Structures are given as C-alpha cells and as structure tokens.
Amino acid sequence: MLESWDEIIKRRRQYDCWDLSKELPLETVQEILYEAHTFAAKKQNEPHMEIMAISYDDPKLRDALWNYSTFWERNQTTTNGQTLANYLIVFITKHHHRTPINYIHIGIHSDFIAHAAAARGLQTGFCKCTDDDLTDDQKNYIKQQLNIDSLGNIVLMMGLGYGLENESMIHPITGEIVKCVSRSETEKDYDLETPPDQYIKFF
Ligand SMILES: Cc1cc2nc3c(=O)[nH]c(=O)nc-3n(C[C@H](O)[C@H](O)[C@H](O)COP(=O)(O)O)c2cc1C
C-alpha cells in the first residue's frame, strides 16, 4: 500500500506544458473532483469555496484566464503555462471577509486533486501568479462567466491534463509559442533550498 503512495507522490510534479492533442474526458475530471468532494477533509463538512473546471469549450474565457496568469519580475512578464492545460481548475472564494478557512480548504482540495490526478497518470500545475492588467472586456468576461464580483475572488488556478516535458508549446487559441519553464526548474527544486530541520521541529 505504501509503495503505491510512494509512486503517486513521486509522479506528482509541477507542469506548465501540455499535450492538447489528447482529449481529457469530462468524466475523468468529474471523477477527480467528486473524489475530492467526497474524501477531502472539510471543516463541518462544508466546502467553504467554489471549484470551476473549465475546458476549451469557452476559448475566450480560457484566453482571458491565461492573460490573467501573468507574473511581473524585473520588468519582464512571464505568463504561466499551467493555465493552458487540457482543463483549468479555478478555486474561488466569494466570502466577503476572506477568512483563513477558505484558503485552508482551497489548499487541501487543490493538493488532493493534484494527487488524485497523479494517481491516474495525469499532471497538474499550480498557479497563484496573477496580474489584472487585462482589457475591460476580458475582466468583465471572466467575472460574468465565473459569476464573481472581482478577480480577487480567484484564489488559485490549477492546470490539469496531459503534461509534457517540452520547452515550449503552442497556445491553442492565439497560435503563439509559449515557453515552458516548470519542469526544468522543478528538477532542481527537488532538493529544497530550506532543509527540513529549519521548519519541521520534533519535541
Ligand atoms: C499554492 C501554490 C501556488 C503556486 N503557484 C505557482 C505559480 O504561480 N507559478 C509557478 O510557476 N509555480 C507555482 N507553484 C508551483 C511551485 O513552484 C512548485 O510546486 C515547486 O517548484 C515545487 O515543484 P514540484 O511541485 O514539482 O515539487 C505553486 C505551488 C503551490 C503549492
């Protein structure tokens, strides 16, 4: 039993490059999300968040969310390829006073989903990088489609699909070449910079 757990945790890695030629059936996505619904821990058995699974059936929404996943560093922008996955899972809180419990639930459920995906030979990519330098049309479209008041209601996004270890992929809507960085970076990250004894204590 522990052997299979060991296999699953090693299989789960961060991906930002995807094979979109393979169709990820909606039923598989539903199975993973309902598994999280049934088995992931929930305070007082309430979800405390919303989860949206978005296919490419709404390319305008997917492209707007891809643009939203932009990260600024040293006057350079990087857009996170995680959002180009076969499906994009968006974790939302509509709680006006965002309490830690919303964030805790999103953390628990996103990790559950990442491992449920790995157990099925699928890959995931977390994305917390966002920049709301979007057109008004894109902002309004995201808000309308996700039924949210503000882009700030989106706490976390996660790509789910058939991961590739390539250096680039083609953005399926715009046709642009998108650089993929996660796999090469995370190979190095396997040895974390912070050693465990600096943040895990035994008494
Ligand atoms: C909550 C959360 C948010 C993250 N956000 C991003 C992100 O915005 N962009 C990114 O490239 N990676 C993001 N990551 C992925 C981490 O960089 C990645 O997990 C780390 O490099 C370790 O690699 P591994 O997941 O393959 O072990 C995020 C991870 C977590 C848990």
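Two residues are in contact if their C-beta atoms, placed from the backbone, lie within 7 Å. In this protein, 82% of the contacts with a separation of 6 or more are between residues 24 or more positions apart. The structure is a predicted model, in which local features need pLDDT of at least 70, side-chain atom pairs count only at pLDDT 80 or more, and totals for chains, interfaces and linings use all residues. Residues are numbered from 1 along each chain as its sequence is written.

The protein has six helices and eight strands, where helices (H or I, at least four residues) and strands (E, at least two) are DSSP runs numbered from the N terminus. Along the sequence, their order is α-α-β-α-β-β-β-α-β-α-β-β-β-α. The radius of gyration is 17 Å, close to the 17 Å that the globule rule gives for 203 residues, so the protein is as compact as a globular protein of that length. This radius is taken over C-alpha atoms, and the globule rule is 2.2 Å times the number of residues to the power 0.38. Of the 203 residues, 29% are buried, which requires 20 or more other C-beta atoms within 10 Å of the residue's own, C-beta atoms being placed from the backbone.

Attention now turns to the ligand. A shell of 11 residues surrounds the ligand, the closest being R13, Q14, F126, K128 and C129; a residue is near a molecule if its C-beta atom, placed from the backbone, lies within 6 Å of it. Strand 5 (123-127) and helix 6 (182-189) are the elements that give two or more residues to this shell. Helix 6 gives the most, with three residues.

Notes:
A residue is buried if 20 or more other C-beta atoms lie within 10 Å of its own, exposed if 12 or fewer, and partly exposed in between; C-beta atoms are placed from the backbone.
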